[in-house]
Amino acid sequence: MKILYSQIKELVPGLKAQDGSEDKKVHEICDAFTLIGHMVDGFEKIKYQGKDDYLISLEIRQNRADCLSVIGIAYEVAAYFRLRVELLKVETKEAEGKIDIKVNTGETIKRIRALEITGAKNAESPAWLQELLKFHDINPINLLVDLSNYVMIYTGYPSHLLDKDKIKGTLFWSINDKFEQITTLDGSKIKLGKDEIILEDDKNILALAGIVGGNVAEIDLNSNHIIAEMAIYDRAKVRKNARDLVISTEASTRLEKDLDPNGIDYAMNMLCGLIEEYCPSAKIEKEFSYYPQPRKSPEIKLRPSSPSRFAGIEITPEQSVKILRDLRFEVEKSDERYIVTPPTDRMDVELEEDVVEEILRIYGFDKIPTDQVPTLEVVKDITPAIINLDEKIRDVLSAKSYDEVLSWPLTNKSVNEKVNYANWQMITTQNSVNDEFPDLRMSIATGLVNQLDQYRKKNVEFIDIFEIGKVFGKIDGKYAERESLGVLSCKNKKDLNGFKKVIEGTLRTAGLDSVSYKKSAKVPENANPHSCWDIVADEQNIGIIYKFRSTDPKEHIYFAEINLGKALDLIKISDVKSVFELKEKIITLDANVELLRQNPKVSSRSGGSKTPPSGVEINKDESIENYLAKIKQKIDPKHLWNIRIVDKFAIDGAMRYTVRASYLELSDQQAKKLHLETFGLS
Amino acid sequence: MEKDLITELNSDLEKFSNPDDLKRIYDKYLGKEGLIKSELKKLKGLSPEERRIKGPQIQSLQAKAQELFDKAQQDTMQKKTEKTLEEQRESLDESVPKVGHLHPITQTVRMLNRVFESMGYSVMEGPEIETDEYCFKRLNVPENHPARDMQDTIYIQEPNILLRTQASSVEARILESYKPPFKVVVPGRVYRNEKVNKSNHFIFHHYQGVVVLERTNLKDLFGTFTHLFKQMYGEDVIVRFRNKYYPEVEPGVGLDMQCFNCKGQGCALCKNIGWIEMGGAGMVHPKALEMAGIDRSKWMAFAFALGLDRWVMARYEITDIRTLLGGNLAYKTDKNENTL
């Protein structure tokens, strides 16, 4: 919304610079606008009608349609500076005849007022009007149209003028069900749907109501018999029509907000008064009024203590009442409360909190202290564990020389198909303006791969990167999202096991130490199928680790993805005590396990001895990791320090592992007995 | 005789080459059958007078020989140790390990988290695929409300399933799910249906917060944010609080910081306004509290939302918003940095 300083002063004559500096006063007004809710986002010193003036650009609050006008702005300034507004006096315009208009739109129209005027001989606008409109970014057209726009700027109410001689028969406000197109005043052709509010006659569509006029009954320099109409619609309907048709006009901007239907009277009287003034032979012949439910302001109860309660500082009831009256609110005392009635154009004030805001913004947010750190009461920490897990993982990976990246969660089908390994369906957005990326990522690899490509293009070396973010999919018809960790490393030599250690180290630091691997059930297209494993913890699949397919033998790209939500569940489960008091020496014993045919073959020896293993076979379908997990479950955690594989070698087609177990808080004999029993050697 | 024996011992000690030789030398001179022992044995056959003269000479000889031998043995051990140390020697090379980095958004979120945690806030998160109810309705943004103009939405399944346009959706869930009192911040990614270019993106990073206590007010809100901005930008920072409309709050507050680039004089960074808009805040709208089942007469609540992207761009001198997510963000490495 643009406004000239002279326009404000015209309505608030008390607005004078105390020391004679207009410049200073205008800056003071701009600061006030910003403070009370209409931020000044532009300010320019200009000349209007040969005199110094200022063009102020305001970001009007979304819920203040009344302030999209000179009058509305003037009321705001007057309230802040405690001055009076003197509106242009207008005479009530009435006519005995009735215009033939039918309204067939149900409840989508709140009010219509129309006047038929004869002898309104059109002409070019006077220079002052043309100059003024240009400051408001409106092109001058002709006298009648320009007066209509002038009234809109002044009052906030758009009007629509029709050339009565071009109208065929009766005027109708209808919901469109037959017109496929309208040609607007500027000659644009707009394709219509079937649900717009329109103005039509017996033959033609005359306007998209509340949005833009059509060219059929257009006012031109030959017009002198006109119908002027103003209407207030269901703002949601205007908004929907304008958005569906991708049109934004001065009229739609105002009418898709809450405008007070009562204000039409002043605006229409002003318009007709101006037409009579500039077209001396103009005569109002007929009128039409439609106002099924006249608006009344709500009566709102206000507790005198509420402004202080919300502000945190003392604001007396007297101060509150004074401010409200400066804002044109009626205030009456009733028992221990006030009954506050806002003026009808304040459509935004409905609740006590709205009234409190009015008091506080005029009282001044700048009067509320800002330098006191609040001593708020201590409350329970409800931070979920996943927040801390994310933070820990970021710390660990950056300590392991990995850089964090963040990427787009939107991608496309072909990329998703290359990286997805989960059993879920892709989610597609319905209206993304970014046509190339309509789908939600199913694996966090999408962003990391893109980052890798960008780094390679720009000669970035040492690409070790990770990302924590959401991945998305549909499971059994329901939308699902998971917190996911992706880690990618690009090496110039084979180092899968080095990469594996990074992943394991990260998980172990986070509290998940029982990680194992099995050949992936679902290998992503991007992965080398010979180097792709599911990451398993406590027999649950928590992620994937693989080497990328590559045609370059010198390049080795490794990727791992972890479902952090699942990992967190397991971390909670395996939250065993990891700190202990060491009272006895640790007893370490070895067991040799052969992975071959039906049963695990095991032999025992003390750590470091060279006794050859006798060998026990493990079921051929069982992995060594599963075997060890079972072994672990047999031992009381308070007596187990760790179990690990210290050696492995192939022998006669079997794989032989040396498993080393270290026991706590046990004598030599007790440890040996437990060891033999656990490994089935006794 | 004594002199010859010591000369001979010295000669032997100079020539030996391994620890076994040293043992033989010991046996030759100081062993049970050694030369010195045999001289001592000979004393028995001497007269008392001769023993008085000869005895101390031989004992002196024995002590001297023992001294020479001990020194030789010590030298041998030292050489052996040195040899071992030499064999185990390792050198420091000049390379240093590569350093990993956190994303600037993460770094900024952490800085904010630390400040708010120090004031007793919890950190929460929530879903990015949201429903219309939690993203809009429960925050007092009903269908066709003008405020929705501010937030063009990416829909998954119009009109009910969408990508959240604001982290306030988590606020709606927290208000519904937790019993007051609580103080919570929510860092999170939000989505708007915008074409991606140098200045606009369809993804933004929000930092949302909500406080519900028996007694809190705008003074607490202003104090909180003055403290936050001072922690982030230093004691000299100037903060402005102005009235602003947000449907989720009433009264609503715009949070501005005086432009650090021009100190309020107006420049390109602040679009000649002198202030930089840092976020929005206000007292939680009574309808939002009612929809969450929170008794308005008992509880007071304020909420706030900060947009992090502009902060981060200014702090790290990033000129293109796409850099934050689009692959052009890189981390400077030291010239000696190397992967070990």
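A: Let's start with a definition: two residues are in contact if their C-beta atoms, placed from the backbone, lie within 7 Å. By that test, 73 residues of chain A are in contact with 68 residues of chain B. On the chain A side, the residues that touch chain B divide into 34 nonpolar, 19 polar and 20 charged; here Ala, Val, Leu, Ile, Met, Phe, Trp, Tyr, Cys and Pro count as nonpolar, Asp, Glu, Lys and Arg as charged, and the others, Gly among them, as polar.

A word on conventions: this is a predicted model, in which local features need pLDDT of at least 70, side-chain atom pairs count only at pLDDT 80 or more, and totals for chains, interfaces and linings use all residues. Residues are numbered from 1 along each chain as its sequence is written, while chains are lettered from A and ligands numbered from 1 in the order in which they are written.

Now to chain B itself. Its secondary structure comes to 10 helices and 10 strands, where helices (H or I, at least four residues) and strands (E, at least two) are DSSP runs, numbered from the N terminus. The radius of gyration of chain B is 42 Å, well over the 20 Å that the globule rule gives for 340 residues, so chain B is more spread out than a compact globule. That radius is taken over C-alpha atoms, and the globule rule is 2.2 Å times the number of residues to the power 0.38. The C-alpha trace of chain B spans about 130 × 45 × 45 Å along its principal axes.

Of the contacts in chain B between residues at least 6 apart in sequence, 65% join residues at least 24 apart. Buried residues make up 40% of the 340 residues in chain B; a residue is buried if 20 or more other C-beta atoms lie within 10 Å of its own, exposed if 12 or fewer, and partly exposed in between, with C-beta atoms placed from the backbone.

For helix packing, look at helix 5 (residues 104-118) and helix 10 (residues 308-315) of chain B, whose axes come within 10 Å and cross at roughly 110°. Helix 5 of chain B is therefore roughly perpendicular to helix 10 of chain B, a label for angles of 65 to 115 degrees (under 35 is roughly parallel, over 145 roughly antiparallel, the rest oblique). Axes are lines fitted to C-alpha atoms, for helices over the stretch in contact, and angles run from 0 to 180 degrees between N-to-C directions. P104(B), I105(B) and T108(B) of helix 5 meet L308(B), W311(B) and V312(B) of helix 10. By class, this contact has five nonpolar, one polar and no charged residues.

Finally, the backbone. Most residues other than glycine have a negative phi, and most peptide bonds are trans. The bond from E158(B) to P159(B), however, is cis, with omega near 5°, and P159(B) lies in the loop between strand 3 (155-157) and strand 4 (161-163) of chain B. Another cis bond runs from E250(B) to P251(B), with omega near -5°; P251(B) sits in strand 8 (residues 249-258) of chain B. N140(B), not a glycine, has a positive phi of about 70°. This residue, N140(B), is found in the loop between helix 6 (132-135) and strand 3 of chain B, and N140(B) is buried, with 22 other C-beta atoms within 10 Å.
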